[in-house]
Amino acid sequence: MKNKAPTEIGKKYGQAPVYWKQMRGLSFFAHIFKKFGSDTMNLRLELKNGTMTAALSGDIDHHAAARVREEIDRAAEQVRPHTLRMDFSSVPFMDSSGIGLILGRVRLLSLWQGGVTVSGLSPQLRRMAELSGVGRLTKIEDGNERKVEA
Amino acid sequence: MRAVVNRMKMQFPSLSVNEGFARGAVSAFLLGLDPLVNDLADLKTAVSEAVTNAVVHGYRDTVGIVYMSAKIFSDGSVDVKVRDKGCGIEDVEKAMEPLFTTGGEERAGLGFAVMQTFCDRVKVTSAPGKGTSVTLTKRLSQKRDGE
Ligand SMILES: Nc1ncnc2c1ncn2[C@@H]1O[C@H](COP(=O)(O)OP(=O)(O)OP(=O)(O)O)[C@@H](O)[C@H]1O
Ligand SMILES: [Mg+2]
């Protein structure tokens, strides 16, 4: 749309920012429930009864973790959920950057006495979690709900 | 004797997007060995750690070239070498201690621990101001029927 010449429709779209400005007060909901493009952002966020679920997908390495972190934090700081559930059931690969991602969120949630739950770990991801001792700081749920092969 | 039966070399700029490319390339190179899925996953993880360290620490405030090479030996073992010409490590022994990190809040300090757990051998040489070289060695078991 952006590159199109300013036709009638183009002008109409041009008014969109005004509309969004009016929505500003509510916009964090739009922001939180936004579905992100799969290869740019490996994340889907959902809020239910004070629990924020972050469904991650794709390989979680340093490259992906940096982007995912920003989005989770922006939403979490606004909502301040009592629990952040990090769902790894669609994550085929994770390295220590994923552990850093979890530990960083534990630290963030602790600012308002919230906690982190980790779910959907594959056997490989579970080994990584065990090696790190991250289980002492989070609740790790059973990984029987895997959506992708690891 | 440990004779080299195949080898590859590559280099790429230290952009974080290349972390996935690097472990994918190693994985593709080794696929002909028909390795056990777990063995390959372990090595991929270790490669990801070494490359990420070059990107994040070696070339902290710049973009430099990461050099990666791999050798397959006749006994089924594999060497993967990841090298950078970045800042280098002052005290390698200390850097390799689990939980040691200079990377701040978002790093767990586990990269070397993961490499050591997931590989048979990890060799690190480094010189401050010159760069760092990490060689990962792992014996890959071949897949048998039903595995
Ligand atoms: N290629 C490198 N160049 C310069 N310093 C390095 C390099 N690799 C590792 N280091 C140093 O060694 C420390 C430990 O590395 P390690 O991979 O174990 O942990 P980390 O990278 O800090 O955290 P994590 O890997 O868990 O994200 C780093 O914090 C850094 O100071
Ligand atoms: Mg590291």
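Leaving aside its neighbours within four places in sequence, A:Thr53 is in contact with A:Arg44, A:Leu45, A:Glu46, A:Arg85 and A:Asp87, where contact means heavy atoms within 4.5 Å. The model described here is predicted, so that local features need pLDDT of at least 70 and side-chain atom pairs count only at pLDDT 80 or more, whereas totals for chains, interfaces and linings use all residues. Residues are numbered from 1 along each chain as its sequence is written, chains are lettered from A and ligands numbered from 1 in the order in which they are written, and side-chain values use heavy atoms, with hydrogens and water left out.

A:Thr53 belongs to strand S2 of chain A, which spans residues 51–57; helices (H or I, at least four residues) and strands (E, at least two) are DSSP runs, numbered from the N terminus. With a relative accessible area of 16%, A:Thr53 is buried, the term being used for residues under 20% relative accessible area, with exposed for those over 50% and partly exposed for those in between (1.4 Å probe, protein chains only). Between the C-alpha atoms of A:Thr53 and A:Val116, which are 63 residues apart along the chain, the separation is 9.9 Å. Chain A as a whole contains six helices and five strands, and its elements follow the order α-α-α-β-β-α-β-α-β-α-β from the N terminus on. Of its 150 residues, 43% count as buried, and among the contacts in chain A between residues at least 6 apart in sequence, 69% join residues at least 24 apart.

Side chains of opposite charge can pair when their charged atoms come close. Over all chains, 13 salt bridges are found in a search of the whole structure, a salt bridge being a side-chain nitrogen of Lys or Arg within 4 Å of a carboxyl oxygen of Asp or Glu. Two of the residues in contact with A:Thr53, A:Arg44 and A:Glu46, form a salt bridge with each other, in which the closest N and O atoms are 3.6 Å apart. Both partners are partly exposed, A:Glu46 with a relative accessible area of 42% and A:Arg44 at 36%. A salt bridge also joins the side chains of A:Arg105 and A:Asp73, at 2.7 Å from N to O. This pair links distant parts of the chain, since A:Arg105 lies in helix H5 (residues 96–110) of chain A and A:Asp73 in helix H4 (residues 62–79) of chain A, 32 residues apart; both A:Arg105 and A:Asp73 are buried. The side chains of A:Glu141 and A:Lys139 meet in a further salt bridge, at 3.7 Å from N to O, and A:Glu141 is partly exposed, with a relative accessible area of 24%.

At the interface, 23 residues of chain A are in contact with 26 residues of chain B. The area buried between chain A and chain B is about 1900 Å², of which carbon and sulfur atoms give 51%, buried area being the accessible area (1.4 Å probe) that two parts lose on being put together, summed over both. A:His62, A:Gln124 and A:Leu131 supply 28% of the area that chain A buries against chain B, more than any other three residues. Five salt bridges are counted between chain A and chain B, and a salt bridge between the side chains of A:Arg107 and B:Glu105 has an N to O distance of 3.5 Å. The elements that give two or more residues to the side of chain A that touches chain B are H4, H5 and helix H6 (123–132) of chain A, and H5(A) gives the most, with nine residues. A network of salt bridges links A:Asp59, A:Asp61 and B:Arg23.

In chain B, aromatic rings take part in the following arrangements. One aromatic pair is counted over all chains, under the rule that rings of Phe, Tyr and Trp (its six-membered ring) pair if their centres lie within 6.5 Å, with planes under 30 degrees apart counted as stacked, over 60 as edge-to-face and the rest as tilted. The rings of B:Phe12 and B:Phe21 have their centres 6.1 Å apart and their planes at 85°, so the pair is edge-to-face. B:Phe12 is buried, at a relative accessible area of 4%, whereas B:Phe21 is partly exposed, at 44%.
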